[in-house]
Amino acid sequence: MQLTAGVIGCGNISKYHFSGLEKAGVRIKWVCDLNAATAKPWADKYQAQYTADYRAVLADPEVNLVNITALSFLHKAMCLDAIAAGKAVICEKTLAENADDALAIVQGAESAGTIFYTSYMKRFIPAVEQAKALLPKLGRILSTHIRAYQCWGNLWEDTSNTGFFGTPKGGMSEVRRRYGGGILVCGGSHILDLVVFLLGRPHRLFAQMHTPPGRDLDVQAAALLETANGIVHYEALAHPLHKIGFLRDGWDERFEINGTQGRLEMYSSAWTDIDTKASLLIHYDNVTGQAVEYRTAPQSPFDRAMAFFCANIAKGEQGAQSRLTGYDVDELIAHIKKSADTHQALDVTWRA
Ligand SMILES: NC(=O)c1ccc[n+]([C@@H]2O[C@H](COP(=O)([O-])OP(=O)(O)OC[C@H]3O[C@@H](n4cnc5c(N)ncnc54)[C@H](O)[C@@H]3O)[C@@H](O)[C@H]2O)c1
């Protein structure tokens, strides 16, 4: 089936989605953004129609795929309207502003039989896919350490209230307005998705978070998560260290999975460089005593994600990625916040 798409939201992240849709051979018929200047270059590039009203995209019977790259607080209305219009949906993370809204979206998609993806592209990093394939070689999984350390400057001690991370007096920081939260939502959501992808849904957790005085965004979220595949030590951290990480660029996102027969270590590159700097996987095998490094040429996981989504949509199948992906992460975020607020360990209540 030929796919005909509308792209709703033409800001920062959309260039990766346009690239993936183009490479997947999708016809881009509509581009939509409130800001005409942002959208027009894409309309020109793809000879697409421009609109500021996403409902015009949904009303076009030729459109069978809607790509949502608008801000997260807009996702609920856009996703539910796209589902009601009978379109397949690819939506950026995080799926919604809270777990209730994410649940409403995925239940809407499930009951309508809509092919529906939340795009957590880090699943599609070649080193992550390789790690998933090698998991059976680890034997019984004992312990996982996973972290997203991102260099956001010294928000711990700096009290300035301007700029992207600054909280103006009586106002909202730009990062919170755009993305719905601090490090937990921005960076921590991705690695929660990797926990579910690699180890399954956690059933219990205990979390702590830190929000500096005078700021409206968390700069640290740490948790112990219990899964059927052992304990997960999880942390998302906004830090001021410019030259840490395996590429010494301040980005320090990685996981280590330890089993009875081996260990996997994954080091990812920053999302802004993710199509030009490759991630790294190391597999230590306790049977052979060898450690093998997996290095690939840089490949955009956005392109790989979009190829996967579009191939499934063309076949009329949901395929191997569940509709619930975005809900799973938003439910874990809600439990982490609640555990940190109440200083209680919580059973995770999965509602879908
Ligand atoms: N996967 C990742 O690593 C990653 C990284 C950054 C952002 N994101 C996600 O991508 C999404 C977009 O983030 P961004 O950085 O591109 O934000 P952005 O602010 O750069 O772009 C959002 C665009 O949406 C447009 N918009 C606002 N209201 C609209 C409406 N009613 N109809 C149509 N367009 C509207 C804005 O004009 C803007 O151009 C968010 O959900 C964010 O969480 C994901």
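**Reading the ligand site**

Modeller: In this predicted model, a polar backbone atom of N12 lies 2.9 Å from an oxygen atom of the ligand.

Biologist: Which side chains have an N or O atom listed against an oxygen atom of the ligand, and at what distances?

Modeller: A polar contact here is a pair of N or O atoms within 3.5 Å. The side chain of S72 places an N or O atom 2.9 Å from a ligand oxygen. For the side chain of R178, the corresponding distance to an oxygen atom of the ligand is 3.3 Å. Taken on its own, the ligand has 860 Å² of accessible area, and the protein covers 88% of that.

Biologist: How many residues surround the ligand, and which are the closest?

Modeller: A residue counts as near if one of its heavy atoms lies within 4 Å. The ligand is surrounded by 24 residues, with N12, D33, S72, K93 and Y179 the closest. By type, the shell holds 11 nonpolar, nine polar and four charged residues.

Biologist: Which helices and which domains supply the shell around the ligand?

Modeller: At least two shell residues come from each of α4 (75-84) and α7 (174-179). Domain 1 (4-120 + 303-322) and domain 2 (123-299 + 331-347) each give at least three residues to the shell. The space that the ligand takes is the largest pocket.

Biologist: What should I read from the backbone at K93 and T94?

Modeller: Look at omega: the peptide bond from K93 to T94 is cis, with omega near -20°. T94 sits in the loop between β5 (88-92) and α5 (99-112). K93 is also one of the residues closest to the ligand.

Biologist: And what is the phi value of R248?

Modeller: Phi of R248 is near 55°, which is positive in a residue other than glycine. The loop between β10 (230-239) and β11 (252-259) contains R248.

How values were computed: Residues numbered from 1 in each chain as written. Predicted model: local features only at pLDDT ≥ 70, side-chain atom pairs only at ≥ 80, totals over all residues. Heavy atoms only, no water. Polar contact = N/O pair within 3.5 Å; in protein donor to acceptor, adjacent residues only side chain to side chain. Areas by Shrake-Rupley, 256 points an atom, 1.4 Å probe, with all protein chains shown as cover. 1 Å grid on protein atoms, 1.4 Å probe; cavity = no way out; pocket = protein on both sides within 12 Å on 5 of 7 lines; lining within 4 Å. Sits in = over half its atoms within 2 Å of the grid points. Helix = DSSP H or I, 4+ residues; strand = E, 2+ residues; numbered from the N terminus. Nonpolar A, V, L, I, M, F, W, Y, C, P; charged D, E, K, R; others polar. Domains from an automatic or database assignment.
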